[in-house]
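Have the sequence and the 3D view open as you read.

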Protein chains: 2
Amino acid sequence: MPTTDTKETILDAAETLFAEQGFAATSLRQLTQRAEVNLAAVNYHFGSKDELVKAVLLRRIEPINAERRRRLDALSSPSLEDIVRAFLEPALRAIDQCGPTSDGRSNGLARIFGRVTVEQPSFLRAFFTEQFGELAHRFVTALQATATNIDAQDAWLRMHFTVGAMAHTLQSAHMLTEISGGACGANDAEALVEQLVAYAVGGFDAKGVSQ
Amino acid sequence: MPTTDTKETILDAAETLFAEQGFAATSLRQLTQRAEVNLAAVNYHFGSKDELVKAVLLRRIEPINAERRRRLDALSSPSLEDIVRAFLEPALRAIDQCGPTSDGRSNGLARIFGRVTVEQPSFLRAFFTEQFGELAHRFVTALQATATNIDAQDAWLRMHFTVGAMAHTLQSAHMLTEISGGACGANDAEALVEQLVAYAVGGFDAKGVSQ
DNA sequence: GTCTATAGAACGATAGAC
DNA sequence: GTCTATCGTTCTATAGAC
């Protein structure tokens, strides 16, 4: 087997560029040039740009969601914080395993997750429901069982808020540094986990609004 | 003066399409066709596509940020919730004044704010700092003075989390409906304000992590 | 499985008539 | 201020040699 796999090389370059520029703004020409492979290789290995996008996302999402399931299953009589951690930590921890992007901002895995959450081409809609639907239901059910002061409507909304906080942090950590005038960075993944968990637990713990 | 201003017509169409598809994925051809104006009109009135993007954003951001400033100034010895409301309500209220997009999802103003927060073409970076920098500093200072259990680092991060929760809610409310299997929509703007405020206040109120 | 070459369409932008 | 026409570029995707 070759030491550098063309398919993997393409996925790496695509991940970096999608994170930096978004899916629509990244062309296959730019991508294959960065990966130092031939332009036609993308269509040969993935069929189309759309399928490449899915492959890039799937490579990261699958192990993270598997870990989320594993951790949720391992909890018996969990606290609110246990559940929030089971959801957030697998995603935030995975970031440590990837290097920074070429533009010197936060790393590729981090920012592509932000992209995933917001830039939703229509061809990815079914993909998202497939990848996150069942898992989201399980987390919302667990949260609702634990935080007895909120109902299903509250639990879903707060889950949504939490995903937004996570995604924005992953995607736009550099903006925080820039706008705060350097007063606040978000580079230490371990500290970021604790900050986000504290915030989300506080949010989930607030008195329900719907009921 | 004409009853339908070309410039305004272009801004309206651009706002809708940018919200639905993102900036990069929306072409001037599609945009001018939707607006029923000539292709050349965009370059005549705005100079370039990049400048059009800025104009679309500025039209909405300016009054909202002005209202945020006004409300923050009006507060004396504010509570945490007062400050959070002063930040969130102007944005969420403005949504009620715009109609839905053509794809039947949440409305254009709502979703373009989500776009703004995540899809950050490099030419918009200075624009963001200019539009939000001073205001963000003022809010963070106010928050830190009120929530005495958090330091500057905590305050900045939690402000960032809150922006993410807000943006994701505005941008992807339809995803919530889809993934929850209809168990939760996010259509009532007034209820959404209360939900988001409750969550954010809970988040800000959590014990600080940095210190 | 990797390449060159190119088809075929869409892009942003502009020149110049009216 | 609005139009047509078009320039020059870039795009995704594919056909076909090796």
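## Ground rules

Contact means heavy atoms within 4.5 Å. This is a predicted model, in which local features need pLDDT of at least 70 and side-chain atom pairs count only at pLDDT 80 or more, while totals for chains, interfaces and linings use all residues. Residues are numbered from 1 along each chain as its sequence is written, chains are lettered from A and ligands numbered from 1 in the order in which they are written, and side-chain values use heavy atoms, with hydrogens and water left out.

L52(A) touches I10(A), L11(A), A14(A), F18(A), L28(A), L31(A), V42(A) and F46(A), leaving aside residues up to four places away in sequence.

L52(A) and L52(B) have the most contacts inside the largest nonpolar core, which has 139 residues. Such a core is a set of buried Ala, Val, Leu, Ile, Met, Phe, Trp, Tyr and Cys residues joined through side-chain atoms within 4.5 Å; buried means under 20% relative accessible area (1.4 Å probe, protein chains only).

## How the two chains relate

Chain B superposes on chain A by a rotation of 180° with 0.0 Å of shift along the axis, at an RMSD of 0.0 Å. That is the relation of a two-fold axis.

## Around DNA strand D

DNA strand D is surrounded by 14 residues, the closest being S27(A), L28(A), R29(A), T6(B) and N38(B) (near means a heavy atom within 4 Å). Helix 3 of chain B gives the most to the surface near DNA strand D, with three residues (helices are DSSP runs of H or I, at least four residues, numbered from the N terminus).

## Around DNA strand C

Among the 14 residues around DNA strand C, N38(A), H45(A), S27(B), L28(B) and R29(B) come nearest. Helix 3 of chain A supplies the largest share of the surface near DNA strand C, three residues.

Notes. Helices (H or I, at least four residues) and strands (E, at least two) are DSSP runs, numbered from the N terminus. Buried means under 20% relative accessible area, exposed over 50%, partly exposed in between (1.4 Å probe, protein chains only). Copies are superposed by least squares on the C-alpha atoms of residues with pLDDT of at least 70 in both.
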